[in-house]
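Hi there,

Here is the structure I promised to pass on. Have a look at it first, and then read my notes below.

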Amino acid sequence: MNNISATDQRALLTRLAERIIGYDPKVISEKGLWLAKLGITDTVGVTLAGLPEASTQIALGTPGVATAPGSALVFGTGRRTSALDAAFVNGIASHALDFDDFSSVFGGHQSVPLVAPLFALAEDRGLSGQNLITAYAVGLEAEMRLARAVHPHHYDKGWHPTATLGIFGTVAGTARLIGLSVEQTAMALAMAASLASGLKANFGTMTKPLHVGHSARSGVLAVLLAEQGHDANPGAMEHHQGFFEVFNGAGTYAAERLLDGWDNGPWEIEAEDLAIKQFPCCGSTHQCITAMQRLADKHEIPAEAVAGIEIMPHQRRLRHTNTPTPDSELEAKFSVQYAVARTLLDGTVRLKDFEGDAFREEAVRRLLAVTTARPHPDLDGDDKDNWGAEVIVTLKDGRKLTETVSNLIGRSGDNTMSRDELWDKFEDCAGRALPAERLRPLFDGLMSLETAASIPELAKLMETKA
């Protein structure tokens, strides 16, 4: 599985760079354009919502951060700084609430490696909305095809793909955005192979969104260095001590998949699993939340009547969400037990449920004490429904209520968010940083991004008084 074509001996990243620079925006269909704008708009909204979060504010308050001169906006503030610092801070904010979009193929969050860095450089260079959409599509193409090359081993090993793979999307998108040559792009991608990082061990802490900020900044840095002539080894992926062997290992990747499909698709921007989040917590809990919602719709389930709750997702979903008694707001986002208990109590989970001591409420703790989670015995292996789940509620009168959810990857495919549903989420999120009168003009501008002559003009709608 590790061999690439023997007919072309050039470095893998040189060939990838040719595809990035040669990408024709005309291949973006109406569906692809819609999904691109959906992802970009949603990401801007959750970035604004993430501004007040501690992880973002600590970064902003750290000496030397966002103090460099420049024209790139820290979203929701009056601070303008370098593209590097804006990508860093906005990158952290975009993932601070874990409310951003995700993909099962990517094994992480596909838009946050792209939106903050693209806006930062588009502002810095005075580029258009169409430039940004093309760059977003190219970046998405690169990171998703790399994911196809290294998963599931890369994901299961414990790497955080949003950062370890997302940096290549950052480089691909920003290199295309500012017009690097093929050689420069290959060099930037090769630098990314050394700058990639991010461990799942830090899920449930401020370091998870830090992964995104660091990755976004590092990707922009690689592109700017390459633009100035900095070099690297374009064979850094396939080298015996390169990315594939070090991050994955022999026999666990298919390098050729990074290059497959660039000539005639299918295009990743049209993928059915590009999922917008309906709930502000880890996407691997959403199947269980939905199962509990459906149970509650079918049956009246008073919390005091519950003797036990059994949660059974695919083992891949449970590895990073099995947190029986969360001890912080961030841990609660990675607790399938808390998410399901909260859903039984309130019918859903909202941003407020991951603030303050919401996870310590007495009614929640009582339910957590009788809640268990284990891998579903019939959902095991890559050929099974690893986005499915079963929830069983046992009542004190002995009745068992069961609900099964299959292949639910957020709001994606035929179940994607409508414009009105996205507006509701955007209003709730962006309203945490911007005055109400700015929200609709910004939303409408983002949802017609291909017509925006100037990203700097659009970004002014996200600027507030210093």
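A definition to start with: two strands pair if DSSP finds at least two bridges between them, and the strands (E, at least two residues) and helices (H or I, at least four) are DSSP runs numbered from the N terminus. Please keep in mind that this is a predicted model, in which local features need pLDDT of at least 70 and side-chain atom pairs count only at pLDDT 80 or more, while totals for chains, interfaces and linings use all residues. Residues are numbered from 1 along each chain as its sequence is written, and side-chain values use heavy atoms, with hydrogens and water left out.

**Strand S7 and its partners**

Strand S7 covers residues 389-395. S5 (residues 306-313) runs antiparallel to S7, joined by seven bridges, and here Gly308 stands opposite Thr394. Strand S8 (residues 400-405) is also antiparallel to S7, with six bridges, and Val393 is placed opposite Leu401. S7 and S8 make a hairpin with four residues between them, and Gly398 in that turn has a positive phi of about 100 degrees.

Is S7 buried or exposed? Seven of its seven residues are buried, where buried means under 20% relative accessible area, exposed over 50% and partly exposed in between (1.4 Å probe, protein chains only). In a regular strand the side chains alternate between the two faces of the sheet. In S7, Ala389, Val391, Val393 and Leu395 point one way, Glu390, Ile392 and Thr394 the other.

Helix H3 (residues 54-61) has Ser55, Thr56, Ala59 and Leu60 buried. These residues line one face of the helix because, seen down the axis, they fall within an arc of 130 degrees (taken from the directions from the helix axis to the C-beta atoms). They pack against H2, H4 (83-95) and H11 (207-227), a contact being heavy atoms within 4.5 Å.

Thr41 sits in helix H2 and is buried, with a relative accessible area of 0%. Leaving aside residues up to four places away in sequence, Thr41 touches Leu422, Phe426, Phe443, Leu446 and Met447.

**Cavities**

A cavity is a set of points, on a 1 Å grid over the protein atoms alone, where a 1.4 Å probe fits but cannot get out; lining residues have an atom within 4 Å of a point. There are four cavities of 30 Å³ or more. The largest has a volume of about 170 Å³, and of the 19 residues lining it, the closest to its centre are Gly107, Gly108, His109, Tyr155 and His320.

The second largest cavity has a volume of about 60 Å³. Its lining includes Leu35, Asp101, Tyr136 and Ile276. H2 (30-50) and H6 (129-150) are the elements that give two or more residues to this lining, and H2 gives the most, with three.

**Backbone points to check by eye**

Most residues other than glycine have a negative phi, and most peptide bonds are trans. A cis peptide bond joins His151 and Pro152, with omega about 10 degrees; another cis bond runs from Gly265 to Pro266, with omega near 5 degrees. Ala66 has a positive phi near 60 degrees and counts as buried at 6% relative accessibility. Asp98 also has a positive phi, about 55 degrees, and is buried at 3%.

Best wishes

Conventions
On a 1 Å grid over the protein atoms alone, a cavity is a set of points where a 1.4 Å probe fits but cannot get out, and a pocket is an open set with protein on both sides within 12 Å along at least five of seven lines; lining residues have an atom within 4 Å of a point. Grid points are joined across faces, edges and corners, and a volume is the space filled by probe spheres set on the points.
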